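Subject: Structure handover

Hello,

Please find the structure below. My notes on what was found in it follow.

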Amino acid sequence: MLNLVIAEAPNTTLGNLIVVTGSFLILLLLLKKFAWKSVIEILKKREEKIANDLDSAEQSRIKAAQLAQERETQLQSSRSDAADIIKNAKENGELSRQNIIKDAKEEATRLKDRTKVEIKEERENALTAVKDDVADLSLQIAEKLLNKELTGDAHEELINQYIDRLGTTKHEA
């Protein structure tokens, strides 16, 4: 019996090999007929999706670069606008400063002129008051010296002489 068992072993292995190879080939044929198209379609769809994703990523990168460029342009424009605003503010400030100085000088000139007029008026008022006082004093002195009353012409002449002497004394001093 031993012979028989040895002889059967090689046939079983060869039979198994034929059955497994045949099953594998049948499986390949069945896969090709029923599943191969589906697998190919899935792989094609995946390939298209990857290609679309790459294209979309490239477009997004280009769009992002464009947006960055636009932002940079807007930033430069904003900087330029800010510089213009600062320049205008400085110019306006300088004009305001000049106007304030001009107004202050004009006001000082007006005050000076008004003060001169007021001083002149006060001087004239003082001179008039002094003339009146001098006339009264002169009249009193003359009456005392002469023990008589002066006429209007003599009185006027005496006042004018006194004022002339008073005016020349002030100018000499």
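Accessible areas come from the Shrake-Rupley method with a 1.4 Å probe, and for residues only the protein chains shown count as cover.

This is a predicted model, in which local features need pLDDT of at least 70, side-chain atom pairs count only at pLDDT 80 or more, and totals for chains, interfaces and linings use all residues. Residues are numbered from 1 along each chain as its sequence is written, and side-chain values use heavy atoms, with hydrogens and water left out.

Confidence
The average pLDDT (the predictor's confidence in each residue, from 0 to 100) is 83 for the chain, and 85% of the residues score at least 70. Where pLDDT is low, the predicted coordinates should not be read in detail.

Fold and burial
The chain has 2 helices and 0 strands. These are DSSP runs numbered from the N terminus (helices: H or I, at least four residues; strands: E, at least two). Helix α1 covers residues 2-146. Of the 173 residues in the chain, 3% are buried; buried means under 20% relative accessible area, exposed over 50%, and partly exposed in between (1.4 Å probe, protein chains only).

Surface patch
Phe 24, Leu 25, Leu 27, Leu 28 and Leu 31 make a nonpolar surface patch of about 470 Å². Patches are made of residues with over 30% relative accessible area and no salt bridge, with like charges joined within 9 Å and nonpolar side chains (Val, Leu, Ile, Met, Phe, Trp, Tyr) within 5 Å. Leu 27 is found in helix α1 and counts as partly exposed because its relative accessibility is 45%.

Salt bridges
A salt bridge is a side-chain nitrogen of Lys or Arg within 4 Å of a carboxyl oxygen of Asp or Glu. The count comes to 5 salt bridges, including these:

- Lys 49 with Asp 53: the closest N and O atoms are 3.1 Å apart. The two residues are separated by about one helical turn because they are 4 residues apart in helix α1. Asp 53 is partly exposed, at 40% relative accessibility.
- Arg 61 with Glu 58: the N to O distance is 2.6 Å. Both lie in helix α1, 3 residues apart, about one turn of the helix. Glu 58 is partly exposed, at 37% relative accessibility.
- Glu 118 with Arg 114: the closest N and O atoms are 4.0 Å apart. Both lie in helix α1, 4 residues apart.

Regards
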